[in-house]
Amino acid sequence: MNKHILTLTFIAILFSCKNNKQNNGKLNVVTTTTMITDLVNNIGGDLINVQGLMGSGVDPHLYKASEGDVTKLVNADIIFYGGLHLEGKLVEVFEKMAHQNIKTIAVSDALDAKTLISSEYFQGNYDPHIWFNIGYWKTITNYVVKTLSEASPENKGAFEANGKRYIEQLNQLEIEIKSIIDTLPKDKRILVTAHDAFSYFGKEYGFNVVGLQGISTATEAGVQDVQKLASFIIEHQVKAIFVESSVPKRTIEALQAAVNSKNHHVAIGGTLYSDALGSAGTVESTYIGMFKYNVNTIVNALK
Ligand code: ZN
């Protein structure tokens with residue numbers, strides 16, 4: 001075998017290893033939350049393999065990687081996660097993957113830190129619930145398009161077309177959301193939920209947002225917090241408070257009981273999708289469906 005053929009053989013082995021990892025020549029992409037999974041599916045479509053680690057109703061703040069997750073992560077070409085400590089218990093795993101030369105991408109890196117809400121609970125940290133600003137989600141859409149295009153240049157045109165189409169849908173969503181919220185008087189825009197997931201939403205649409213737990217569900221609400229918030233609800237005549245699909249509803253029920261014990265009434269206005277989308281097959285299983293569902297639920301209950 002001459003030197004030339006030997007080099008070719010070596011290249012072929014390298015190429016076949018890469019192909020093994022790349023499953024039918026498609027990129028293996030692993031995502032964390034259902035919001036990110038939905039976005040990446042919209043951009044990548046059938047051109048990539050997408051595996052989401054977290055399902056509907058799963059709380060990313062408390063999520064720990066299973067053995068099966070680690071296998072998926074090791075075999076990934078790209079990992080997309082939220083960042084800003086959203087997946088607080090996965091940070092170390094992601095660092096390990098980055099060391100193995102797997103492209104490990106925090107989608108929040110697409111945003112300018114100056115536009116983020118700082119956390120009053122953890123100094124130097126930012127609120128990770130960035131998906132509740134549709135404008136930010138558009139910026140992140142472009143970031144996902146760029147990242148996938150760099151990893152799979154032959155599909156660049158398709159990723160860009162999908163991204164463009166998706167951003168048009170997000171533009172439409174913004175218009176719809178605004179017209180629904182416009183029907184709710186400004187003094188009724190008080191949103192009380194289980195944890196502080198809606199600050200970006202509140203900032204964008206003029207809601208005073210109060211979460212019983214902080215920006216991470218890892219901090220439990222104390223009895224004092226419940227009493228304080230109950231007084232706030234009575235003082236501001238808040239009609240309804242909201243359960244979240246990824247947080248046990250007992251915290252909000254305790255808050256309702258505290259309001260009732262002071263001879264006032266507050267309704268539970270429904271379940272909002274905060275840190276996870278709805279289950280497969282429902283309208284709320286997509287980011288766009290979730291956003292509309294949440295806004296309709298909030299506005300109907302507070303009107
Ligand atoms: Zn959260």
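Colleagues, the model is predicted, and local features need pLDDT of at least 70, side-chain atom pairs count only at pLDDT 80 or more, and totals for chains, interfaces and linings use all residues. Residues are numbered from 1 along each chain as its sequence is written, and side-chain values use heavy atoms, with hydrogens and water left out.

I begin with the helix pairs. Two packed helices are described by the angle between their axes and the distance between the axes. Helices here are DSSP runs (H or I, at least four residues), numbered from the N terminus. Their axes are lines fitted to C-alpha atoms over the stretch in contact, with angles from 0 to 180 degrees between N-to-C directions.

Helix α6 (residues 156–181) and helix α10 (residues 287–302) have axes that come within 10 Å and cross at roughly 5 degrees. The two are therefore roughly parallel, a term for angles under 35 degrees. In contact (heavy atoms within 4.5 Å) are residues including Tyr 166, Leu 173 and Glu 176 of α6 and Phe 291, Lys 292 and Val 299 of α10. By class, this contact has 11 nonpolar, 2 polar and 2 charged residues. Nonpolar denotes Ala, Val, Leu, Ile, Met, Phe, Trp, Tyr, Cys and Pro; charged denotes Asp, Glu, Lys and Arg; the others, Gly among them, are polar.

The second pair is α3 (residues 67–74) with α4 (residues 91–99), whose axes come within 10 Å and cross at roughly 30 degrees. These helices are therefore also roughly parallel to each other. Val 70, Leu 73 and Val 74 of α3 meet Val 93, Phe 94 and Met 97 of α4. That contact comprises 6 nonpolar, no polar and no charged residues.

For α8 (residues 223–235) and α9 (residues 250–261), the axes come within 9 Å and cross at roughly 60 degrees. The pair is therefore oblique, the class left after angles under 35, over 145 and from 65 to 115 degrees are assigned elsewhere. Among the residues that meet are Gln 227 and Ile 233 in α8 and Leu 255 and Val 259 in α9. The contact divides into 9 nonpolar, 1 polar and no charged residues.

Finally, how many cavities of 30 Å³ or more does the count give? The count comes to 1, where a cavity is a set of points on a 1 Å grid over the protein atoms alone at which a 1.4 Å probe fits but cannot get out. The largest cavity holds about 40 Å³ of space, a volume being the space filled by probe spheres set on the points, which are joined across faces, edges and corners. Its lining residues (an atom within 4 Å of a point) include Thr 33, Gly 82, Trp 131 and Trp 137. By class, the lining has 8 nonpolar, 2 polar and no charged residues.

Notes:
1 Å grid on protein atoms, 1.4 Å probe; cavity = no way out; pocket = protein on both sides within 12 Å on 5 of 7 lines; lining within 4 Å.
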